[in-house]
Amino acid sequence: MLTTLLIFFPLAAALLIFVLKSKYSHVIALTAACAELIISAVAVYQFKTGGSELLRANYQWIAQIGLSYFVDMDGISLLLVLLTTGLVPFIILSSFGRSFSKPSTFYGLILVMQMALVGVFVAQDGLLFYLFWEVALIPIYFICLIWGGENRGKITFKFFVYTLAGSLLMLIALIYLYLHTPGVHSFDADALYAAGASLSYPEQSLIFWFLFAAFAVKMPVFPFHTWQPDTYSVAPTQGTMLLSGIMLKMGIYGVIRWLIPVVPAGVITWGLTAVLISVIGIIYASCIAIVQKDFKRLIAYSSIAHVGLIAAGLFTLSTTGLQGAMIQMISHGIVVVGMFFIIDVVYDRTKTTALANLGGIRNVAPQLATAFVIVLLGSVALPLTSGFIGEFLLINSVFQYHQWLGVAAGLTIILGAVYMLRTFQKSMSGETNSLTASFTDLTWNEKAVLYPLALLIILIGVYPAPILAISEPAVAKLLELYSPITAIR
Amino acid sequence: MVSIKILTLLIPALPLAGFLLVALNVKRLSHGVASFIACGSVLLSFIAAVTIFSQLLGFPEGSRLITVHLFSWIKAGNFDASMALLIDPLTSIFLLIITGVGFLIHVYSIGYMHDDTGFNRFFSYLNLFVFFMLLLVMGSNYLVMFIGWEGVGLCSYLLIGFWFKNQAYNDAANKAFIMNRIGDLGLLLGIFLIFINFRSLNFTDVASMAPAASTGTLTIITILLFIGAMGKSAQIPLYTWLPDAMAGPTPVSALIHAATMVTAGIYMIARNNVIYTLSPISMNLVMIVGLATALFAATIALKQNDIKKVLAYSTVSQLGLMFLALGLGAFTAGIFHMATHAFFKALLFLGAGSVIHALSGEQDMRSMGGLRKYLPVTFATFLIGVLAISGIPPFAGFFSKDEILANAYAHNPILWGVALLASLLTVFYMFRLLYLTFFGDVRASHHVMSHIHESPKSITVPLICLGVLSLVGGFIGVPEALGGSHWLNEYLSPVFAQAATLSESHHHLDHSTEYTLMAVVIGFTVLVIIAAYVKYVKRKHVPVADAQLSGPSKILANKYYIDEIYNTLIVKPLYWLSNVLDVFVERMGIDFIVNIFGSSVPEGGKITRLTQSGSIGYYIFLMVIGIVLIVTYTLIG
């Protein structure tokens, strides 16, 4: 019941906003997002106090094709729902004080997006998952198309087609699995797991690659990433935040829920390859980030590097890797939303994101610079920031999985410092120039976005235990499937 | 016991509270209040450290250990690291130095930074630094140590680039952080390996399980840890950030880049004495790298003209001597030299700062000279510092350096010879510095000299305190040969007891050899001082402009071109690779292929559209062909 409410409350709010077309759309949207956050807090309470059956709902929807409306939350789902409901208020708030056309459509679409994201994270039925997955593409497509920057038509089209192509592979894999479900065919997660495990080894390999490609495009992982820097750059700030803060976690979540438990033989066989690709992606994207001249593109590439590390950790099939991935998803969401907001503030004042045109902002906007430093530290994984917990566990897991790949993955802590410090220096340090001399420091609503995010980065870094505790049982359950194999290793 | 645990917590908590108070009110607080909070918090922390130290002395020797478990920090599966603190004799020595010297430098900063607009920000960073440094030496496991380790790196970065309008300073800050990160990756990998092999990250667990581990594993672990030490403690090949770090305000150079942070590597190896002792290869590596760095940096210091650069290379060199001691298994000697070095090097940096302050920011010694008349207190204390670092008895440096040299001799006289050479070079460049700065003719411009003044009390009082410490600090380790009992050795012996029993050989020199060595060292030292006196005071030699240099002098003045070599071998190739990846692989490679696939969709559409000609006859024709094919397939299949 609660889970259903979490899915459809934002949709109801979105419809209300569409219908009212009020000039207070932004306030309604923020209120709805905060209410949604409270609902998710209740869900956490239920989960913690053993009322988790209240989070489950299972109704047959179209019996003929075995589709059910089956939603539930374990710790993994709950954390991602919490990430979604936690970030959306900040994303909405970040648009306050900026002027743009058709605000009611804009906020409505954000809330539709939230509905789809929550749906993706709670669906326990393969087809339902797929439906939410595709629905999520529609609002973000329009957000980028209507409010995007230069060249948005072409870039958004590429993004749309690319991710749709990936999803198609997933649909094929899901149908293939569905046809192999025992008894009456169904898209129920457990049925699909059973189907996957029953497949022959070549079939499992094929399904592995179909699903991997679909999820890799979404994250994105090298070499499926080239839609991402353009899209992140051209999308409006809130669109970029939705894409990088939450939507890419759909891909990671997909691997956890719809790949790792589905084709165990495929995962074991191709795990090393997947880790290798991911680690190459870390170094590749970090290097490219070093030479980026545009602030936004640079952060886009840094995001590819960070996500690459998460992907590598997933395929180590270890508790440290998966727990690291969970907390790093939270951390990355907070850090990247903070980072894109800092870029938005800079763009708002100077109308540029070219690093060469910036500089000296620290002199005139110390509050922005301080917030930047904290977000940056989260990004470069300094201990006592949220980024460290995730990266430590992830690099640790990759190192235990394969020592040389662990060393290569560890290079991220050096390369990350190289490009982030360079960015900070180019944008914030030095003398002011004609563009930055009249830079005004953070306004109240900008502080209301950045300060809580900065505080969260530190709080999670100092005391990550509550977050780790939420997902620990679910991760342990997931890995039970592999315990005979990992025990041998 | 409750009170001692609270006291333990207070030591790092006070500077942290000071940081938060100042940082969150950086705009609201007056300079006076901000510096009062910052200095007060470190002073209280020092008092707590002294109290704990005296309590430890009251405990029986074997049980001088305080642990405080705060909470479980990172837990995932079988991995579990706690936020937990530990104080033992080794940590307590560091605590006294960090908070004691740290307090003096805080006080000094009040005078030194008084007209800086970033005054409050400066003090907040200093407090944050002290917090992280304390955490570094108080962590009871590798991960808490790592928090401090990276945290001090952050503060170092923030303080080197404190005057952030100057992009050269920002470059220096970035360089420091990135080079340290290279070392930190080594340390991190070492920590992973420790966990894989011991299933624990607690220092005590690892030390007790280490003898059962294979030597090969321990060797790899200790080498990885040492890479971390190379970064943080500026050893070959990761030392080049430290001289550049002099871009920071001088109190920072004294506190972070001389007395405390750069000794983190010394602490870490001393803390890991058991696993190091069990891997002779690593011990030799530490010894060789330390000795090489000591000599190498000392030669560079000979030809530097920036007063802070000389001291920076001197620090690199002295740290090398400490590593030499550790590599020889003389852990106490390394810690002893760390302590005396903290006194005299902080003194020298602060003295240099006082000179710079008096000369309106001048750092080039060629524009100094004859300052002893104008800056009597600075001169007197600086002289003590120079005598201490040169190892003149009974100044602090004499005892600690002598102990290292004696250990080197016992191990191998060649080591002793090289170490002696390094320390004689030290004597030379330090007296060169002293003479060029305080003796001879006044070479500063008339304008500068019209502003010259002895520094205020907040600067001179810390100088005097450190001067006293540099004078008497060595008495904590007077060797038996000189009628002492070497208190420090006694005090630290429980920490190094296990290593002492594990190490195979016990070199011991008889007293007559020790006397001979001392006499030789002192004799040479005096000769070198005379040589420097003749060159720089008698003949009034002033170093020429860099452009006129040639031969070896030019190479030394240019620091063996190591920065240029690193630039060519590492930095430029990295940028080249990045550009190649960006232009050729990313845009002309992967994205190009993706776009071909993408455009194949509309292109393919164009082709398939041709079949939709609109002619009914054509459609019927296709239909017939289709039916024929189906029928044929059914019949044959």
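Two exercises on a predicted two-chain model follow, each with a worked solution.

Residues are numbered from 1 along each chain as written, and chains are lettered from A in the order written.

**Exercise 1.** Describe the side of chain A that touches chain B.

Solution. 
1. Contact requires C-beta atoms, placed from the backbone, within 7 Å. The contact takes 40 residues from chain A and 39 residues from chain B.
2. Helices are DSSP runs of H or I with at least four residues, numbered from the N terminus. Those of chain A that each supply at least two residues include helix 7 (152-179), helix 12 (264-290) and helix 19 (412-428).
3. Helix 19 of chain A gives the largest share, seven residues.
4. The predictor assigns the complex an ipTM of 0.93 and a pTM of 0.93.

**Exercise 2.** Work out the span and packing of helix 22 (residues 511-538) of chain B.

Solution. 
1. The expected span is 1.5 Å times one less than the number of residues.
2. Buried means 20 or more other C-beta atoms within 10 Å of a residue's own, C-beta atoms being placed from the backbone. Among the buried residues of helix 22 of chain B are B:Leu517, B:Val521, B:Thr525 and B:Val528.
3. An α-helix has 3.6 residues a turn, so residues three or four places apart point the same way.
4. The buried residues of helix 22 pack against helix 16 (376-390), helix 17 (396-411) and helix 18 (413-438) of chain B.

Methods: This is a predicted model: local features need pLDDT of at least 70, side-chain atom pairs count only at pLDDT 80 or more; totals for chains, interfaces and linings use all residues. Two residues are in contact if their C-beta atoms, placed from the backbone, lie within 7 Å. Ala, Val, Leu, Ile, Met, Phe, Trp, Tyr, Cys and Pro count as nonpolar, Asp, Glu, Lys and Arg as charged, and the others, Gly among them, as polar. A residue is buried if 20 or more other C-beta atoms lie within 10 Å of its own, exposed if 12 or fewer, and partly exposed in between; C-beta atoms are placed from the backbone.
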